[in-house]
2 protein chains.
Amino acid sequence: MARKSATGRIGIADVAVKAGVSHATVSRVMNGNFTVDPDIAARVRAAAVELKYQPNPVGRSLALGKTDTIGIVVPDLANPTFQAILRGLSRAAAQDGYRVLIADSFEVSSEESILAGEARRRCDGLVLCAPRMSDAELEEIAPSLHPLVLINRTTSTKGVPSLVVDYGQGVQDLAEHLAGLGHTRLAFLAGPPRSASNALRLEGLEAFKAAHPEVDVRMLEGGSDFDTGHEAVDAVLDSGATGILAFNDLVAMGLLSGLHERGLDIPGDISITGFDDIPFARYTTPGLTTAAVPITELGQEAWQQLRALIRKESTDTPGSRYQPRLEVRASTGPAKK
Amino acid sequence: MARKSATGRIGIADVAVKAGVSHATVSRVMNGNFTVDPDIAARVRAAAVELKYQPNPVGRSLALGKTDTIGIVVPDLANPTFQAILRGLSRAAAQDGYRVLIADSFEVSSEESILAGEARRRCDGLVLCAPRMSDAELEEIAPSLHPLVLINRTTSTKGVPSLVVDYGQGVQDLAEHLAGLGHTRLAFLAGPPRSASNALRLEGLEAFKAAHPEVDVRMLEGGSDFDTGHEAVDAVLDSGATGILAFNDLVAMGLLSGLHERGLDIPGDISITGFDDIPFARYTTPGLTTAAVPITELGQEAWQQLRALIRKESTDTPGSRYQPRLEVRASTGPAKK
DNA sequence: ACGGACTGAGAAACCGCTTTCTCACATTTC
DNA sequence: GAAATGTGAGAAAGCGGTTTCTCAGTCCGT
């Protein structure tokens, strides 16, 4: 009979008793240590199979000092961008036998450092996704989070690679595209105020304005989801802009929908651009002109970098920078006269 | 100075030394045990703060026999439905201080039971999302996974609550809607063959056919993503159907896009329905008629049920059944004469 | 003043597993 | 045939906590 230890689950001791050996030997067999007599090993394996024994990972983690788990902290699990990163990270990590623990901060920046710390202690490494916390706070907690990989955020802390998308360049490309179509009045529908990627976009727009003094660029308050775009219709119309740079594809889609409801023609009356190139972007009507970011790939790369850190391979991981690719579809066209 | 134990991180022993007490006392203080002298408690707390001591969760888990973590196994993390469930689950669990470990089986049903077992052993409970494995296999592993909550799947194993969406009813409602608009030739663009929710839809369609012998319902092979819908254009046109029931919103959107490319008018030429009512559904052109499923809510409910199981509250959790709500938008219209 | 009931904190056991240490026994070597 | 060497498995010591057990030192009542 499958006897049960105190906890009710089969433990190494049960297998040891059943096979008539010490638990040390069971452990050796389970870990493929070849210093065990083949006959005994076979007996242990048989007992393990019969009892359906599976080593308790918690005990194992404590003894080995590793959990084979990594954590990821995201500001908003509802955001397709972070979902894609999570997906890429999870897939890549799974291939190396690692699991992923998720923590959603729900855009509450004050929670981030606590969540990050908690997650980190349960895991072998951490990916911090576009944290909303201040540079100072980030720098303060970064060392205690090592091994740590940052996404869309940088820090001066040593040994913390950053994977950043060049949103500045991307938004410049989009603005150039619109300018090339004759638009002289643009508006930028901004993202969350604390978002670093929003700051990068603003920088890019400044560069664009410097290069194109003839183009007027308005700044409009915004957010990062559908509703933001949908609710921005009035502000957009009031601005008199003919080319709208939405913070991302979601906002663009919301705006698109809102403008359609007002009977406006896209791109006949107004041109709209998104950002990210989420899968849905190509299926809107009209198809959304956007800047494509290889976001799932970014998640995978995050794992590569984190793995190097965990294994202490001294690749002095410099991080990497991703260039968005202009994806021209049908939501942009010549400026209305 | 912050001395470090073998592992390099601050441990309970360091705090004990610093405060001049035994680690047992430190543990008592950290856990709010009031049998400690206030002065000593203060000293310990001060030492803990100064050393930035945080109890190691792995050691804690081993001693307490709980991890404060739950697992979720999904067939495809790219699917918005599972993302929404994950979101609801994660949010609800976080409110009770639980974290979520994710496992993606990538639609490989043979991996599911292994992933589930591994995840379960690291966690206090498990949510199994629309598993693709056979009934027999599910029934076999279910007992070893307890506490377990199933989503969109049922099992006869005792003590395993199921949260299921009544896809059969939903698809019937959609078919009735199309029939009411005069469509007599329908086609169902099926989902993944092993998907239980697909089977439920098929049952619903059988019921519909029995009630409406005058309506012709074709079955078309399919899948669950955009591309499936996009690639199904020819099959749909060949079928001669004027009303298409897509497996879900994603497939419907892909089909919508493909039909647009062929210059067809939706719903003028062909009516299309989706399923799930993902956020994007209302933003397509035309807006997608679909069956709305309160999917995030379902994730939250999964946590409620799982929590009851973990806490051994004998609510003999019967699970629950969710009725989709018909959401009529602009992708369906009168049948073309 | 003395014995019994309390209090509070240290010592030790334990959670489940890995790994070093140790030692009995077998094999080799001179 | 005795010493040197090797081999394999059990005993025991962690890993970092929690909790029971134990026992001084207090406080109380009589």
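Chain A is divided into domain 1 (12-55), domain 2 (67-165 + 295-324) and domain 3 (167-294), with bounds that come from an automatic or database domain assignment. This is a predicted model, in which local features need pLDDT of at least 70 and side-chain atom pairs count only at pLDDT 80 or more, while totals for chains, interfaces and linings use all residues. Residues are numbered from 1 along each chain as its sequence is written, chains are lettered from A in the order in which they are written, and side-chain values use heavy atoms, with hydrogens and water left out.

**Domain 2 against domain 3 in chain A**

- The centres of domain 2 of chain A and domain 3 of chain A, taken over C-alpha atoms, are separated by 28 Å, and their contact (heavy atoms within 4.5 Å) takes 15 residues from domain 2 and 18 residues from domain 3.
- Between these two domains about 1,400 Å² is buried, 55% of it given by carbon and sulfur atoms; buried area here is the accessible area (1.4 Å probe) that two parts lose on being put together, summed over both.
- On the domain 2 side, R132(A), V165(A) and P324(A) supply 39% of the area buried against domain 3, more than any other three residues.
- The count of salt bridges between domain 2 and domain 3 of chain A is zero, where a salt bridge is a side-chain nitrogen of Lys or Arg within 4 Å of a carboxyl oxygen of Asp or Glu.
- Seven residue pairs, both members at pLDDT 80 or more, are in polar contact across this domain interface; the term denotes a pair of N or O atoms within 3.5 Å, of which, within protein, one must be able to donate a hydrogen and the other to accept it, and residues adjacent in sequence count only if both atoms are side-chain atoms.
- The elements giving two or more residues to the domain 2 side are α5 (80-95) and α13 (295-310) of chain A, and α13(A) gives the most, with four residues; helices (H or I, at least four residues) and strands (E, at least two) are DSSP runs, numbered from the N terminus.
- The residues of the domain 2 side divide into six nonpolar, six polar and three charged, with Ala, Val, Leu, Ile, Met, Phe, Trp, Tyr, Cys and Pro counted as nonpolar, Asp, Glu, Lys and Arg as charged, and the others, Gly among them, as polar.

**Chain A against chain B**

- Chain A and chain B each bring 44 residues to their contact, and the area buried between them is about 4,100 Å², with carbon and sulfur atoms giving 64%.
- In chain A, the residues that lose the most area to chain B are R121(A), F280(A) and Y283(A), together 19% of what that side buries.
- Two salt bridges are counted between the chains, and the side chains of E118(A) and R99(B) meet in a salt bridge at 2.6 Å, N to O.
- There are also 11 residue pairs in polar contact between chain A and chain B, both at pLDDT 80 or more.
- α5(A) provides the largest share of the chain A side, six residues, and by class that side has 19 nonpolar, 14 polar and 11 charged residues.
- β2(A) and strand β2 (residues 99-104) of chain B run antiparallel and are joined by three bridges, strands being taken to pair if DSSP finds at least two bridges between them; I102(A) stands opposite V100(B) in β2(B).

**Salt bridge within chain A**

- The structure holds 26 salt bridges over all chains, and R329(A) forms a salt bridge with D277(A), the closest N and O atoms being 3.0 Å apart.
- This pair links distant parts of the chain, 52 residues apart, with R329(A) in the segment after β12 (325-327) and D277(A) in the loop between β9 (271-273) and β10 (290-292) of chain A.
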